Amino acid sequence: MPKQKFYAIKRPDGGQIVDTWDACEKIVRGEKGLKYKSFSSRPEAQAWIDGVEAEEPRGLRIYVDGSFMPGCDKAGWAFVVVEDGNEIARGSGHTAFAAESRNIDGECMASYQAMRWLDLNDKYATLCHDYEGIARWARGEWKAKSSIAQQYVKAVQPFLFRVKFEKVAAHTGVKWNELVDKLAKEAVEKLKRQG
C-alpha cells in the first residue's frame, strides 16, 4: 500500500492541504500564482505553507543529479557534499560518451563520482538521489539490462559500503537537490555551447 501523501497548496492569500493528488490537481490546474508540493506528513505540509523551513538532517549527505538536453549527445552530472547543512564540496561535468539513456546516464555518473569522492576522502554518507534506479540497481533490486545500468553497477560495487541511499522527490524545493539539478544542467549547457 502506498504511503499517505499530503499536498500543500500556497496562494498569495494563504493555503490549504488536501490528501489526494486528484484533489490537488483540480485546484491547481490552470491557476496562475499557485505553488504546490507533496509531503509525507500534515505538519510538514503546514510548515511549508507557513514558510517555516524544515530542519536539515545532520551528518554527511551527498546530493546527485543528471541532466540531458536535445541538441547535445552527452549528459550532464553533478554532486554536492553537505555536512550538517553546510556545503563542503561539489563536482560536475558531462559524460565521456554519448548518452544512451538521456539524463539517466548523468544520474549514474553523478552517483559514481559522488561515491568515488567519498572513497578518496575516506568518508561515509547518505546518497540522496531523485532517480529510483540509482539505489535499486546498486542494491540488485532491479536487473541492470541497459549497458549504462550494467556499467554503473560494476563501477559502484567497490564503494557501496560507504553509502546508504535516500530517495528525494525531484523538483519539490529541496534546496540541495535543486542545486545539483542546476549544476548538472549548467554542465550540459556549457558543453552544448562549445559545440
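Student: Is C72 buried or exposed?

Tutor: This is a predicted model, in which local features need pLDDT of at least 70, side-chain atom pairs count only at pLDDT 80 or more, and totals for chains, interfaces and linings use all residues. Residues are numbered from 1 along each chain as its sequence is written, and side-chain values use heavy atoms, without hydrogens and water. Buried means under 20% relative accessible area, exposed over 50%, partly exposed in between (1.4 Å probe, protein chains only). C72 has a relative accessible area of 7%, so C72 is buried.

Student: How many disulfides does a search of the whole structure find?

Tutor: A disulfide here is a pair of cysteine sulfur atoms within 2.5 Å. The closest cysteine sulfur to that of C72 is in C108, 17 Å away, so too far for a bond. C108 is in no disulfide either, with the nearest cysteine sulfur, that of C128, 17 Å away. The count of disulfides is 0.

Student: Which residue does R162 meet in a salt bridge?

Tutor: A salt bridge puts a side-chain nitrogen of Lys or Arg within 4 Å of a carboxyl oxygen of Asp or Glu. R162 is buried at 7% relative accessibility. The N to O distance is 3.1 Å, and the partner is D122.

Student: Which residues does A114 touch, not counting those up to four places away in sequence?

Tutor: A114 is in helix α3, residues 103-120 (helices are DSSP runs of H or I, at least four residues, numbered from the N terminus). At 0% relative accessibility, A114 is buried. With contact meaning heavy atoms within 4.5 Å, A114 touches I62, V64, F79 and L127.

Key. Helix = DSSP H or I, 4+ residues; strand = E, 2+ residues; numbered from the N terminus.
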